[in-house]
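This report is meant for a reader who is meeting the structure for the first time. It begins with one residue and its surroundings, and then turns to the chain as a whole and to several other places along it.

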Amino acid sequence: MLPPIVHHPDYTAEIPADHRFPMLKYRRLAEIVSADGLAPAGFVVPEPATAAQLSLAHDRAYVDAVLSLNVPPAIEREIGLPMNETVVRRAAAATGGTILAARLALAHGLACNTAGGSHHARSDQGAGFCTFNDVAVAIRVLMAEGLIGTALVVDCDVHQGDGTAEIFANDATVTTLSLHGEKNYPVRKRQSTIDIGLADKTDDRAYLSALDEILAPLLDRTHPDIVFYNAGVDPHEEDRLGRLSLSDAGLAARDKRVIDAVRGRGIPLAGVIGGGYGADVEPIARRHALLHRAAAAYAG
């Protein structure tokens, strides 16, 4: 049985065609996943996250401002997206998608969202194309429902997961690992449980070596109730915002290593796609599909 894949049409919002955020990658990713037969029974469609769920990880005043389309201009600029109705629907749907992927991972061992990984959103506001921190909300929801007691976030997006680090800074039940480009956004890093900052142009071999050195010992030491894996493809050598030098094969090997390490220890894994940037959404969407192929290969 192939692992469930969560998707919602609202993942694609309406923003200007010349915007540097590649919004159409979500629709194209769903098309690729379907064409590849990775969701033979169709996608699992999530409910949007509610204000109450979002407020478990974010200040209620910020949540209400977003949902009422009343985000202050300064915060909207930091988010970097026009905070219109479709962008807000997308943020709530993507967060609901990660919550659902986490529930499915607990039930089946492995599940992935075709969005998610908005790790720059902090408790009091969004930033860096991230409105709500979907992984943080999902962890808080599962904990509030008594479904998990501990969680590990393995964040392999090229940008540091500063929002996730901030939200869980004083929470011993959540371990945050960020493997990122040291000189990339954000300029002001937050302290994750473990931060591994990589030099510009880090290639497949060096990247995978750094991942191998930390991941297995961390899993053995913490043995969390669930792992959230941010499989951002922006470490790719052709990514517009990346600065690292991973190949398609390197990204595929990374995804396989993470899934094998986590599932090999019997720990549920929920995958989210993270970042990937460029003018042409086709190669970006195909890189994102590597996560879903790796999950299907493990299950198969």
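## Arg-20 and its surroundings

Not counting residues up to four places away in sequence, Arg-20 touches Phe-129, Arg-240 and Leu-241. The model is a predicted one, and in it Arg-20 lies in the loop between E1 and H1.

## The chain as a whole

The secondary structure of the protein chain comes to ten helices and seven strands. Its radius of gyration is 17 Å, close to the 19 Å that the globule rule gives for 300 residues, so the chain is as compact as a globular protein of that length. Along its principal axes, the C-alpha trace spans about 45 × 45 × 40 Å. Among contacts between residues at least 6 apart in sequence, 74% join residues that are at least 24 apart.

Of the 300 residues of the chain, 60% count as buried. The chain exposes about 11600 Å², and carbon and sulfur atoms supply 51% of that area. As for charge, there are 28 positive and 37 negative side chains, and the centres of the two sets lie 2 Å apart.

His-7 is found in the loop between strand E1 (5-6) and helix H1 (25-35). Is this residue, at 10% relative accessibility, buried or exposed? His-7 counts as buried, because its 10% relative accessibility falls under the 20% limit.

The side chain of His-7 makes a polar contact with the side chain of Thr-114, at 2.7 Å. Once its neighbours within four places in sequence are left aside, His-7 is in contact with Tyr-26, Ala-30, Phe-43, Val-44, Val-45, Pro-46 and Thr-114.

## Helix H6

Helix H6 covers residues 134-144, and eight of its eleven residues are buried, so the helix is largely enclosed by the rest of the structure. The buried residues of H6 are Asp-134, Val-135, Ala-136, Val-137, Ala-138, Ile-139, Val-141 and Leu-142. Just after H6, Gly-146 takes a positive phi of about 75 degrees.

Gly-276 has its place in the loop between strand E7 (269-272) and helix H10 (281-299), and with a relative accessible area of 0% it is buried. Not counting residues up to four places away in sequence, Gly-276 touches Pro-22, Lys-25, Val-233, Asp-234, Asp-239, Ile-284 and His-288. Gly-276 and Ala-94, which are 182 residues apart in sequence, are 16 Å apart in space when taken from C-alpha to C-alpha.

## Lys-183, between E4 and E5

Lys-183 lies in the loop between strand E4 (174-181) and strand E5 (194-198). At 63% relative accessibility, Lys-183 counts as exposed, because the exposed class takes in values over 50%.

Leaving aside its neighbours within four places in sequence, Lys-183 is in contact with Asp-200 and Arg-243. The C-alpha atoms of Lys-183 and Gly-197 are separated by 8.0 Å, and these two residues are 14 residues apart along the chain.

Conventions. Residues numbered from 1 in each chain as written. Predicted model: local features only at pLDDT ≥ 70, side-chain atom pairs only at ≥ 80, totals over all residues. Heavy atoms only, no water. Buried < 20%, exposed > 50% of the residue type's maximum accessible area, 1.4 Å probe, protein only. Helix = DSSP H or I, 4+ residues; strand = E, 2+ residues; numbered from the N terminus. Polar contact = N/O pair within 3.5 Å; in protein donor to acceptor, adjacent residues only side chain to side chain. Contact = heavy atoms within 4.5 Å. Rg over C-alpha atoms; globule rule 2.2 N^0.38 Å. Areas by Shrake-Rupley, 256 points an atom, 1.4 Å probe, with all protein chains shown as cover. Lys, Arg positive; Asp, Glu negative; His and termini not counted. Charge placed at Lys NZ, Arg CZ, Asp CG, Glu CD.
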